[in-house]
Amino acid sequence: MRPATPPPERLIVRKLEIDLKRGFARHWHGGRAYRTQFFNALSMSFPVGEQFFIDAVRDAARALPAGPQHDAMRETVAGFIGQEATHRRIHGLYNEELERQGLVNRWQHWATARIARFRRLVSDPRHALAVTCAYEHFTALLADGTLRHTRWLDGADADMQTVWRWHAAEETEHCAVAYDLYQALGGSYRWRVRWYLYVCLVFGIDATRQTLINLWRDGTLLRPSTWADGLRLFWGRDGLVWRCAGPMLAYFRRDFHPSQDTHAVPAQTLAARWLAAHAALLRPVR
Ligand SMILES: [Fe+2]
Ligand SMILES: [Fe+2]
């Protein structure tokens, strides 16, 4: 294992200069239905999910002992909240366009009901934080793939590539924030892994059923070409299965940390390069 690659010292909140209100093509991912509807499904989960992460991190940060020793962490938490709030807003606009295209976001309702149940049953803020750590790990490994493996977005509309890679770069930048906070608050390995198993199950089921609903409403569910595309996405060259299995299993290690990296070019380097190359489309606001 290579030494951990440090994230940027200060998290910058950036406004993305792309107008999603103008809309985008129904099959924006190179005309391929499965990929388009899979990415669309993920987008549908973000506004509710990312609000949960914001709340979890904010509540947990309040439990940090007072004093200057945690000032840097409080500052990083503020950056995390700013970045996630911006992602929520952009994906809210993205999802409005999906509704105009006739898709129906069920995932947001499943997540809202689950979060309400969670809040009734669980009071220790470290549990919501452990759930957030698990989702942030999923997000970070998908983000890294989005920046590392060009096949994941090859042929997609240029603006949509930018939206997904901007989100990916910022997810990479802040991938350790919830985890470091969890460690600082004495969160246990056992609960970290239990909630991860739960999140693996829930995320897998939700992503699958929302993708299927999208394909059904899109009228492409029963086309052989849809499923050929889906098979390539998961099992083809640079497929999600091959690229995500290792990082997913890494989370079970006791000495796991989100900034550990086994790649020749670390994730943080890829994110920094992408952000520098696309600076003209990004306006720092904080
Ligand atoms: Fe995000
Ligand atoms: Fe995130």
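Predicted model: local features only at pLDDT ≥ 70, side-chain atom pairs only at ≥ 80, totals over all residues.
## Iron site

Donors are N, O and S atoms within 2.8 Å of the metal (3.2 Å for Na, K and Ca); water is not among the atoms, so sites may look incomplete.

Glu 84 bridges the iron ion (ligand 1) and the iron ion (ligand 2), which are 3.9 Å apart. Because Glu 50 belongs to helix α1 (residues 33–62) and Glu 84 to helix α2 (residues 71–100), the pair ties together parts 34 residues apart in sequence. Helices are DSSP runs of H or I with at least four residues, numbered from the N terminus. Both Glu 50 and Glu 84 are buried (under 20% relative accessible area; exposed is over 50% and partly exposed in between, with a 1.4 Å probe and protein chains only).

## Aromatic pairs

Rings of Phe, Tyr and Trp (its six-membered ring) pair if their centres lie within 6.5 Å; planes under 30 degrees apart count as stacked, over 60 as edge-to-face and the rest as tilted. The count is 25 aromatic pairs. The rings of Tyr 196 and Phe 252 are edge-to-face, because their centres are 5.4 Å apart and their planes stand at 75°. Tyr 196 is buried, at 0% relative accessible area, whereas Phe 252 is partly exposed, at 29%.

## Basis of the values

Local features need pLDDT of at least 70, and side-chain atom pairs count only at pLDDT 80 or more, while totals for chains, interfaces and linings use all residues. Residues are numbered from 1 along each chain as its sequence is written, chains are lettered from A and ligands numbered from 1 in the order in which they are written, and side-chain values use heavy atoms, leaving out hydrogens and water.

Definitions and conventions. Helix = DSSP H or I, 4+ residues; strand = E, 2+ residues; numbered from the N terminus.
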